[in-house]
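Visitor: I have a model open and want to learn how to read it. Can you take me through a few features?

Guide: Gladly. Here it is.

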Amino acid sequence: MAQVLIIQDQQPNQVEKFIREDVWDSIYNYTQNNIITKEKIKVGLAYGSDVQLGTTVLLSCLAADKEILMEPEPIVLFDDFGDSSLLFSINFYINHSFRVLKIKSRIRYIIDSKFQENNIKIPFPQKRCSLI
C-alpha cells in the first residue's frame, strides 16, 4: 500500500483510510524529483486507419525522445471505439516529474509530425443534424 507523507515526514494514520486504492494513480507528489513516474497521453485515430501502423508510429514517437525511459518498456493500448475515433493511450515512464508538461507537449508535436508523414489522421468530433 502506498504511504502518505506530510511536512517533516510525519505519517498520518487516518488519511490512508479515506483514500481508495484506485485513486493512487492520479495522485502525484511534485515536491520530489528524479523519481520514476508513469505518464499517459491519449490519442484518437480516424476510423479506417491502419491500427498496427498507428501503434508502430506511436511507439517510434516515444523512442524519439531521450527523456522517455525504455525500461520499464513504453506501451501503446487500443483503449476503445469512440464516437469519432479509435481511442489509444501511450503509457510511458519518465524520471523528471517537474518536466512532465514539457515532455508531454514535445511528444504531441512528434506525434503530429509522424502522423502527417504516415498519412494518419486525427479526427475531430462531428455532429450531424437533420431538419425535417
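Visitor: What span should the 13 residues of helix H2 have, and how far apart are its end C-alpha atoms?

Guide: Keep in mind that this is a predicted model. The expected span of a helix is 1.5 Å times one less than its number of residues. For H2, residues 51-63, that gives 18 Å. The end C-alpha atoms are 18 Å apart, which agrees.

Visitor: Which residues of H2 are buried?

Guide: Buried means under 20% relative accessible area. In H2, that holds for Gly 54, Val 57, Leu 58, Cys 61 and Leu 62. Look down the axis of H2: these buried residues fall within an arc of 145°, so they line one face of the helix.

Visitor: Which exposed residues does the face turned away from the buried side carry?

Guide: Exposed means over 50%. On that face of H2 you find Gln 52, Thr 56 and Ala 63.

Visitor: What sits at the start of H2?

Guide: Asp 50 does its work with a side-chain oxygen, which reaches to within 3.1 Å of the backbone nitrogen of Gln 52.

Visitor: Now the sheet. What is the order of its strands?

Guide: The sheet is open, has 3 strands and runs S1-S3-S2, with antiparallel pairing. S1 and S2 stand at the edges with a single partner strand each, so one side of each has no neighbour in the sheet. From one strand to the next, the twist averages 25°.

Visitor: How many bridges join S2 to S3?

Guide: 6 bridges, and the two strands run antiparallel. Across the sheet, Phe 78 stands opposite Phe 88 in S3.

Visitor: What does the side chain of Asp 65 reach?

Guide: The backbone nitrogen of Glu 67, at 2.8 Å. Set aside neighbours within four places in sequence, and Asp 65 is in contact with Arg 106 and Ile 107.

Terms used: Residues are numbered from 1 along each chain as its sequence is written. This is a predicted model: local features need pLDDT of at least 70, side-chain atom pairs count only at pLDDT 80 or more; totals for chains, interfaces and linings use all residues. Side-chain values use heavy atoms; hydrogens and water are left out. Helices (H or I, at least four residues) and strands (E, at least two) are DSSP runs, numbered from the N terminus. Buried means under 20% relative accessible area, exposed over 50%, partly exposed in between (1.4 Å probe, protein chains only). The arc is that of the directions from the helix axis to the C-beta atoms. A polar contact is a pair of N or O atoms within 3.5 Å; within protein, one must be able to donate a hydrogen and the other to accept it, and residues adjacent in sequence count only if both atoms are side-chain atoms. Two strands pair if DSSP finds at least two bridges between them. Axes are lines fitted to C-alpha atoms, for helices over the stretch in contact, and angles run from 0 to 180 degrees between N-to-C directions. Contact means heavy atoms within 4.5 Å.
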